There are 2 protein chains.
Amino acid sequence: MPSYTAPVKDQLFVLNDVLNVHQYNNVPGFAEATPDIISAVLEEGGKFCENVLYPLNKVGDKEGCTLKDGEVTTPTGFKDAYQQLTEAGWTALSADPQYGGQGLPAYLNLAFNEMITSSNMAFGMYPGLTNGAAHAMFIGGSQEQKDLYLPKMYSGEWSGTMNLTEPHCGTDLGMLRTKAVPNGDGSYAITGQKIWISAGEHDMSSNIIHLVLARVEGAPAGVKGISLFVVPKFIPDENGEPGERNALQCGGLEEKMGIHGNATCVMNYDGAKGWLVGEENKGLRTMFIMMNEARLGVGLQGLGLAEVAYQNSLAFAKDRIQGRSLTGPKNPDGPADPIIVHPDVRRMLMNQKVFVEGARALALWTALHGDLEHKSEDEATREKSGDLMALLTPVIKAYLTDKGYDCVSEGLQIHGGSGFTQEWGIEQTLRDARITLIYEGTNGVQALDLVGRKLAMAGMRPINTFFAELDGFIAENEGDADLKVSVEGLKAVKAKLQKATNWLVEKGLENFDNAGAASTDYLHLFGLTCMAYMWAKMAKVANAKIKAGDSDPMYASKMVCAKYFVERWLPQADTHLARVETGAETLMALDAAAF
Amino acid sequence: MPSYTAPVKDQLFVLNDVLNVHQYNNVPGFAEATPDIISAVLEEGGKFCENVLYPLNKVGDKEGCTLKDGEVTTPTGFKDAYQQLTEAGWTALSADPQYGGQGLPAYLNLAFNEMITSSNMAFGMYPGLTNGAAHAMFIGGSQEQKDLYLPKMYSGEWSGTMNLTEPHCGTDLGMLRTKAVPNGDGSYAITGQKIWISAGEHDMSSNIIHLVLARVEGAPAGVKGISLFVVPKFIPDENGEPGERNALQCGGLEEKMGIHGNATCVMNYDGAKGWLVGEENKGLRTMFIMMNEARLGVGLQGLGLAEVAYQNSLAFAKDRIQGRSLTGPKNPDGPADPIIVHPDVRRMLMNQKVFVEGARALALWTALHGDLEHKSEDEATREKSGDLMALLTPVIKAYLTDKGYDCVSEGLQIHGGSGFTQEWGIEQTLRDARITLIYEGTNGVQALDLVGRKLAMAGMRPINTFFAELDGFIAENEGDADLKVSVEGLKAVKAKLQKATNWLVEKGLENFDNAGAASTDYLHLFGLTCMAYMWAKMAKVANAKIKAGDSDPMYASKMVCAKYFVERWLPQADTHLARVETGAETLMALDAAAF
């Protein structure tokens, strides 16, 4: 039967050995994250996810949320779990100590969030959205707003939401219509309908702080006239406690393919009282800073769901006996062999394994750069880390969710017919996972962000920074015979990415449709290159451990996986490069009517 | 809102122009299928699917089937639709006239079945299973059994099922335990539990004829001791009418990810009366002949679901306005452009389009060979067609469902957030589609069938027949400048398939795990080659039509799609070949405990 075990050992391997986060102990907050603290946080967090959240995952899917008279009831057990989560301080792990946070590095919070997603993604979205909304407030809010809202949001006493989408506009926010009319007292009356608002209404927190994009009367058309407002469900009174009920209501719950435990709300604002966050007409700027972090979080969901799918399909493959190994019985005393003996089953397991371990390293490496970007006292480090964050965010979001979803599907496939039944749980994982390719900007939008904005940023400084990092690693390790397969694989895929980049620079400027036509394959080639780098880094560490006499079988396994990645994943690079270089002509040849 | 239009025009293009089925009018039954008859059947069948079955698709998903006191109730409207289907004679289209069938070619039935799947897959499985069971009876039954059962099964008055799987064995039927004890009167007492029995119990037909695999007491262990029995729900009386209720019962309904409208039953046989079909201990032979046809049917489901997903995502992409074309507004009077202007949306639409049109040609071409195998009076034709059928069956089953599922997922992706909501229907299509990769032998089992059995059959005659067919086409068309892209693409991919085949013959015999490790990539390379052949054939016909002055835009569209296929699909061939040639060493390197 389905189960989940927090992958603490692998997370510690990445943090302590591969990334050696302790080398940055001069960065504020890092010194507090000693190996012991990291280990304790992950162990305790892991237990919470295994014992409290995971058992509620199926309950959430089965019961879903219910709406009655504007009030949403979450599935049985969610409210209690939320209380445990907030009381233990898990929501404030990496928050600013000035507002009650623990100030630990964000990479640690990310590692914990991986476990939350694996154990119960629908639940995890409630604190996840709060965190996003608090972050937007942290970036864009006035000191007064921060003092009022942040401590209660970080503690989880109040939760938060992000209100962007309207029925007629999602990606294209320039068309949004929700309007804000000044009340004359510094507040605005917000009127309009927002849809797909995750955690828009629920029964777990005493107040819900909505961040809402709206257009102030008379503002310029398009994206230049959008402002951000804070619109609390209960307006805080003079003591900062929930007061008057605001004129906003959940008008309906979306019936969805998955994440049933999360309330996806239609939110109706009927002259609700709101306050500007940041400057008028500059709302998108704050929203996008916040959204970039949310995109990393979605990428992480791709990893988290792939991890739990991997664990369960592995257990199934070891347990289910069916048929005999092609090379003779491996379980001669039983009526059949466990299906893990079959090469095609192993192919799927190995795909999952190299994905989750590579993606984990990539997500944590990126999160580390997020910490350095915001906290390092060295300007060059901040610039480099900021460049990498900007560049890698769309890659993490889209590549980790595309491939994570594929891995979940392979996990389901390993289960055979059982995978299609609700009893085994993995069909829920697949249904839950499907949204990750869509929300916070579809994966196609991510690809366009990468080729259309991130590549060209600052005179192509980010992509050159990335290539320089890879070149440095290659130069440093090229002579090591033990790492030959990984380093040569990395060198080859990096050369292909360079070629694709050059093509884009030349042909994408000639015809913007060439950039659009190449975007998804370019992003996947980018993702492959990142994973090749991570696997080469992991192989280097594992090899050193083995050389030093460490007999933990994990290191030998890492060496096998690194080789598997080069043999079985890197061949995709040629396909992506060929498609990139094909251009837009045939793709755009048909009139819409000819489809 | 979701809709479905039967793709009659494209089916007629394939049958009349690409395959020119009328060239085989000397084959029994073919002359009756005049162009007018084919057209009338598809038009009328299409209307039935559009107007009767499609509106019930969502109903079936929402309501599902219910079990009470051993009786299963199908969703609202299913029973009435079934009555309409059978009264109109649709279930007997290609059945033998000796038993009340219309004797039309099987390819026509397959074209109709594509539409049934597109409009309502869960419904279509009821007559589909009956057809499979009747076919097994047709192959293996005695004359008396055929006379008793076939007319009522072909007419749909009685339905049928296939009972293979037990809780502990699915793929590995050698372990099955259901037992058969002779009653002394020619009948047997069947006892055991079968699971995942589609249409095992329902309220649409007056009798249900179960074909059950069981082991006669004292039979040899393993697959050599398995017999096939016919076990009717109501035992036919002396007039051939449903009589005594047999000792079998539906013990439960599976809760599944999709195809909720189909009853997936646990079937308990408690000394139920059954009769041997064919010889004792030879049950698997009949079952496998039948199952090969069922596998084609599942491949067809991959196509059918991709078609309806394509239609709905295309409509969405033309209707939904969001953002502007990268090359300037295409809908300057509106607030935004329809999303079909975006290259990455088009990429997904083009992928769907070349898949469904290529897969349709491939499925119909294979079905035509099925007709020729069984009905041609020329022995060489029968042999060649039989070879192609044997070889292509696993390819059609696995490639069309793997890629069909991917296409449905791309269709969902085009819908953005709407795709994840139940309102738009496509999430149901994805849930329904997921089973096609699993049942009737998982796609991994298909790949093993291809490399382990079909390649080596009859001294490799089938694969050589296939290569000779491609070589003939290439030689014939190599000089045609208009077809250069397609013919060169076909030539290149065929050479890669040949290389992979040679590798398999050499390395697969050295170490069987090499064959297993290569199997899925080999099958996909095979599928790509088949699709390349179909697209080259379609390009040839379209080009000839254009040359002859036909201005139907469909032909110009076919030429664009043929080119797109070469540019954007064929690059995958190198990836598959590289993986095939990698072998099993790294894949099998880890101990099970090291995962």
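**Surface, cysteines and symmetry**

Mentor: A:Val505, A:Leu509 and A:Phe512 make up a nonpolar surface patch with about 290 Å² of accessible area together. Areas are Shrake-Rupley values with a 1.4 Å probe. The model is predicted: local features need pLDDT of at least 70, side-chain atom pairs pLDDT 80 or more, while totals for chains, interfaces and linings use all residues. Residues are numbered from 1 along each chain, chains are lettered from A in the order written, and side-chain values use heavy atoms without hydrogens or water.

Trainee: Is A:Val505 buried, partly exposed or exposed?

Mentor: Buried means under 20% relative accessible area, exposed over 50%, partly exposed in between (1.4 Å probe, protein chains only). A:Val505 has 35% relative accessibility, so it counts as partly exposed.

Trainee: How many disulfides does the structure hold?

Mentor: A disulfide needs two cysteine sulfur atoms within 2.5 Å. The sulfur of A:Cys561 is 12 Å from the closest cysteine sulfur, in A:Cys407, too far for a bond. For B:Cys169 the closest is B:Cys265, at 18 Å, also too far. Over all chains, the number of disulfides is zero.

Trainee: What axis relates chain B to chain A?

Mentor: Chain B is laid on chain A by a turn of 180° and a shift of 0.0 Å along the axis, with an RMSD of 0.0 Å (least squares on C-alpha atoms with pLDDT of at least 70 in both). That is therefore a two-fold axis.

Notes: Patches are made of residues with over 30% relative accessible area and no salt bridge: like charges are joined within 9 Å, nonpolar side chains (Val, Leu, Ile, Met, Phe, Trp, Tyr) within 5 Å. A salt bridge is a side-chain nitrogen of Lys or Arg within 4 Å of a carboxyl oxygen of Asp or Glu.
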